Amino acid sequence: MKLTCYGAAEEVTGSKHVLEVNGKRILFDFGLFQGRRNESDAKNRRLPFEPHSIDAMVLSHAHIDHSGLVPLLGREGFRARIYATPATRDLCAIMLLDSANIQMKDAAWLAKKGKSFIGPLYEPLDVHRILRRFICVPYEERIEIIDDVFVTFHDAGHVLGSAITYLEATEGGEKKTFVFSGDIGRKNMPLLIDPWMPSGADAVLMESTYGNRDHKPIESMEEDLAKIVTATYHRGGKIIIPSFSLERSQEVVYVIKRLEEANLIPRIPVYVDSPLTANVTEIFRLHTDCFDDETSALMERAGDPFKTSHIEYIRETEKSVRLNSKHEPCIIIASGGMCEFGRIQHHIKNNCEDPRNTILIVGFQAQHTLGRRIVERRPRIRIFGVEYALNAEVQIMNSFSGHAGRSDLIDFGKCFKDSARRAVLVHGETDALQALQSALTKEGLKDVLIAKAGKAIEL
Ligand SMILES: [Zn+2]
C-alpha cells in the first residue's frame, strides 16, 4: 500500500489523501482549502491528480474542509463511487449546495465590483450530479468497495455521520489493514456516540488538530451555560451566540433543552437565526440512530431534542431583522461562526453596546476575525465600517470543541502500538503535529511520520 496526502499536510484544511492498493487508487476526502481568498482559491482550482484515475472514494464526514471540493471532482471527470454514511450523504446535499450558492453570490459580487475572478469552483448543478455517485453505508457494515478491498465505518463522534474507516485489503496474497481517522470527536459530547477505539492495524492515518493541548472538561459545560444564561436573564439582557451551522448549533440547543428540563435556567425565547442551521437540524431529526443513549432517553421523556419551550428557527430575512425590535431577555444563535459573515454580524452590531447583554463564544476564533477581536475583549470593534463600543459581557466556552484533545488523540494512537508499521499524521499546525509525533513515539509507536504534501509514503 502507498499513501499520498495532497491536503491537510502540515495544515488544517483541504483534506485529501490517495491510497494505492493492488494498482487501484482510493481517495479519502476531498476538502476545500480555507484561508485568505486568493491563496486558497488558487490551491482549490489546482487538482493534484486526474479525477478519472480514482477507482473509489471514501468520505469521512460532511465538514467543508473534508467534502467541499467533491462537486469540482465530478465536474472534472471523476466517475467512481463515493462511500459515506447515510447522515454524511444527507448533510452533504445541504452543505455542498450552500457552498455552491455562496460561491455564485461571491462571483456575482466580484463581477459587479469589476474585479477579475474566474468564476465559482462549481455550481448547484454540479452538486446535484455528484450526489448521484454516493453509496450510503451504515456504521459497522463491511462492504467491498473494489475487488479485494473492504471498508467498515465506525462512529468518529465528531459530527453527525462522521466515520473512522477501517480498510482491509489483500495485496500479493497478504492481508493488510489501514485506518483513516478522519476528524476524531470527544467522549461524552452532547448528542453523539463516543468515538470508536480501534484494536490496531498495519498502518494509520490520523488527525492531529489538538496534538499539543487538552480542552476544558465537558462535564462543566452545562453548569457554565446555566450560569451565563441565568446571570444575563437577571440583568434583563440577551445572549448572542455566534455558531457554526453543523453540529455546534444543534448541541447548544440540545443543552439548553436539558437545562430547561432540569429547571436550571429560566424558560426564555430561543431564536436560531440561520436558514442553513434550520435545514441541517432537519437532517439531524432524520438520523436519530446516530444519537447516544442519553439523547434517546431525553427524546423518550421530552420529545424533539431541538425544540425548547420557546424556539423559532428563522429562515426569512425580514423575521431576522424583526429580532432587533425585541427587548426582552432571549437567546439568539446565529450563523457566522467566526462573526466574519452571516446574520451574526447584525446581532453583534445591535447588541454589543448594551452592558446587560452577553456575547457567548462557543467555537474557535481564528486570527484577524471579528470573533477573535471579541475574544480579546477589545474596547471598540468595527462592523460594516462603523465602530461600536464593546460593552456587552464576553464569555468563552471551549468545552463545546468537536475535536479530540491531546490526551484522547494519544489514547487513539496508542491503539496501534503493537500492530502498526507506520503512523502518518495530518490535519494539524506544525506545533500540534510535532507534539503528537513525539508523544506517540514515546508511547512506543514505531514509525510516526508527519505527511508532506504530494510526497508518497510506503505503508
Ligand atoms: Zn470536521
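User: How many residues of domain 1 are in contact with how many residues of domain 2?

Analyst: Happy to start there! Keep in mind that this is a predicted model. In it, 24 residues of domain 1 touch 26 residues of domain 2. Domain 1 is made of 2-213 + 402-458, and domain 2 covers 218-400. Their centres, taken over C-alpha atoms, are 29 Å apart.

User: What area is buried between domain 1 and domain 2?

Analyst: The general idea first: the size of an interface is often given as the accessible area lost when the parts come together. Here, about 2,200 Å² is buried between the two domains, and carbon and sulfur atoms give 71% of that area. On the domain 1 side, Leu160, Pro190 and Leu191 lose the most area to domain 2, together 33% of what that side buries.

User: How many salt bridges are there between domain 1 and domain 2?

Analyst: The count is zero.

User: Now the metal. Which residues coordinate the zinc ion?

Analyst: Look for His61 (NE2), His63 (ND1), His158 (NE2) and Asp183 (OD), which coordinate the zinc ion at 2.1 to 2.3 Å. Along the chain, the donors follow the spacing H-x1-H-x94-H-x24-D. Histidine 63 and aspartate 183 link distant parts of the chain, 120 residues apart. You can find histidine 63 in the loop between β4 (56-58) and α2 (64-67), while aspartate 183 is in the loop between β10 (174-180) and β11 (203-207).

User: Why is the arrangement of the four donor atoms around the zinc ion called irregular?

Analyst: Start with the ideal: four tetrahedral donors have angles of 109.5 degrees at the metal. To count as tetrahedral, all angles must lie between 85 and 135 degrees. The four donor atoms around this zinc ion subtend angles of 92 to 164°, so the arrangement is irregular.

User: Is aspartate 183 buried or exposed?

Analyst: To read this, remember that buried means under 20% relative accessible area. Aspartate 183 has 2%, so this residue is buried.

User: Where does methionine 206 lie, and what is around it?

Analyst: Methionine 206 lies in strand β11. With a relative accessible area of 1%, methionine 206 is buried. Leaving aside neighbours within four places in sequence, its contacts include Ser181, Ile184, Leu409, Phe412 and Val426. For a sense of distance, the C-alpha atoms of methionine 206 and aspartate 431 are separated by 16 Å, and these residues are 225 apart along the chain.

User: Which residues does serine 15 touch?

Analyst: Not counting residues up to four places away in sequence, serine 15 touches Gly7, Ala8, Asp29, Phe30, Gly31, Asp65, His66 and His427. Serine 15 is in the loop between β1 (2-7) and β2 (16-21).

User: What is phi of glutamate 10, and what is phi of glutamate 247?

Analyst: Here is the background: most residues other than glycine have a negative phi. Glutamate 10 has a positive phi, near 60°. Glutamate 247 also has a positive phi, near 85°.

User: Where are these two glutamates found, and are they buried or partly exposed?

Analyst: Glutamate 10 is in the loop between β1 and β2, and with a relative accessible area of 34% glutamate 10 is partly exposed. Glutamate 247 is in the loop between β12 (239-243) and α7 (248-261), and at 3% relative accessibility glutamate 247 counts as buried.

Note on methods
Residues are numbered from 1 along each chain as its sequence is written. This is a predicted model: local features need pLDDT of at least 70, side-chain atom pairs count only at pLDDT 80 or more; totals for chains, interfaces and linings use all residues. Side-chain values use heavy atoms; hydrogens and water are left out. Donors are N, O and S atoms within 2.8 Å of the metal (3.2 Å for Na, K and Ca); water is not among the atoms, so sites may look incomplete. Four donors count as tetrahedral if all angles lie between 85 and 135 degrees; four count as square planar and six as octahedral if opposite donors are over 155 degrees apart and all others between 65 and 115; anything else is irregular. Helices (H or I, at least four residues) and strands (E, at least two) are DSSP runs, numbered from the N terminus. Buried means under 20% relative accessible area, exposed over 50%, partly exposed in between (1.4 Å probe, protein chains only). Domain bounds come from an automatic or database domain assignment. Contact means heavy atoms within 4.5 Å. Buried area is the accessible area (1.4 Å probe) that two parts lose on being put together, summed over both. A salt bridge is a side-chain nitrogen of Lys or Arg within 4 Å of a carboxyl oxygen of Asp or Glu.
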